[in-house]
Amino acid sequence: MAPATPPPKAILFDWDNTLVDSWVAIHHALEVTFTEMGHEPWTLEEVRQRVRASARDAFPEIFGGRADEASALFYEVFARDHLARLTAREGAEPALRELWDLKLYLGVVSNKTGTYLRAEAEALGWSPLFGRIVGATDAPRDKPAPDPVHMALSAAGVSPGPDVWFVGDTDIDMLCASQSGCFAVLLRPEAPEAGEFDGAEPHAHVEDFEALRALVRQSLR
């Protein structure tokens, strides 16, 4: 862990399982897709554990030459019901509104397709809180590449660095933060295990949004 916590001038958030819970919708769309493609569907827990990369990056490895067909089917199913199944994570909205009140620039970097990502932010009433919401295929490369980080920060003219926090719940978020030079904050109940992040260890760990708010307040003193 870093010896000091730099005060942020910008905070970027992962979306799924960080700010919102949309795993039920993702699992359903994957279940239909896997079945149609002749694959054994993943359980909900397997989806939570395995879904990290964007479909653009992950589907060719899973479906080979049928990746485009699988992707089209997945998004057809997902588009039908993702808003109805969407829920905010506990404490997410109060935290976002406090950070916005503190005049911090907020953005989103996700591997969910940008169109659906922005529709979900709009449905939750969060769109005005974010300077830019960047999803899969919006940038030349998806997370963990640094491209979407640069895109998310460009609206504020901010460059990646230790004063930009990247908040997420998975290894790909910590790797994206590392490759971008940002301050990596792991947000999940479980503390990081030794060797879990393989050279892209989080600089800080918070169990929930109340702890994140406290960490921000402390750093700004």
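Let's start at serine 110, which touches Asp14, Trp15, Leu117, Val134, Gly135, Ala136 and Lys143, leaving aside residues up to four places away in sequence. Keep in mind as you look around that this is a predicted model. Serine 110 sits in strand β4, which covers residues 105–113. With a relative accessible area of 4%, serine 110 is buried, because buried means under 20%.

Serine 180 belongs to helix α8, residues 171–180. Is serine 180 buried or exposed? Its relative accessibility is 9%, so serine 180 counts as buried. Not counting residues up to four places away in sequence, serine 180 touches Pro146, Val149, Pro160 and Gly161. Take valine 149 from that list: it is 31 residues from serine 180 along the chain, yet the two C-alpha atoms are separated by 7.1 Å. The side chain of serine 180 also reaches the backbone oxygen of cysteine 176, at 2.8 Å.

Take α3 (residues 55–63) and α4 (residues 67–81): they pack at an angle of about 125°, and their axes are 8 Å apart. That angle makes α3 oblique to α4. As for handedness, α3 and α4 make a right-handed crossing. Which residues meet here? On the α3 side you'll find Ala55, Phe59, Pro60 and Phe63, and on the α4 side Ala67, Ala70, Ser71, Phe74 and Tyr75. Sorted by class, this contact of α3 with α4 has eight nonpolar residues, one polar residue and no charged ones.

The other pair to look at is α5 (residues 92–101) with α9 (residues 209–219). These two pack at an angle of about 15°, with 9 Å between their axes. Such an angle makes α5 roughly parallel to α9, since angles under 35 degrees count that way. The crossing of α5 past α9 is left-handed. From α5, the contact draws on Ala92, Pro94, Ala95, Glu98 and Leu99, while α9 brings in Phe209, Arg213, Val216 and Arg217. How many nonpolar, polar and charged residues does the contact of α5 with α9 have? There are six nonpolar residues, no polar ones and three charged ones.

Methods. Residues numbered from 1 in each chain as written. Predicted model: local features only at pLDDT ≥ 70, side-chain atom pairs only at ≥ 80, totals over all residues. Heavy atoms only, no water. Axes fitted to C-alpha atoms, helices over the stretch in contact; angles between N-to-C directions. Helix = DSSP H or I, 4+ residues; strand = E, 2+ residues; numbered from the N terminus. Parallel < 35°, antiparallel > 145°, perpendicular 65-115°, else oblique. Left-handed = near helix turned anticlockwise from the far one by under 90°. Contact = heavy atoms within 4.5 Å. Nonpolar A, V, L, I, M, F, W, Y, C, P; charged D, E, K, R; others polar. Buried < 20%, exposed > 50% of the residue type's maximum accessible area, 1.4 Å probe, protein only. Polar contact = N/O pair within 3.5 Å; in protein donor to acceptor, adjacent residues only side chain to side chain.
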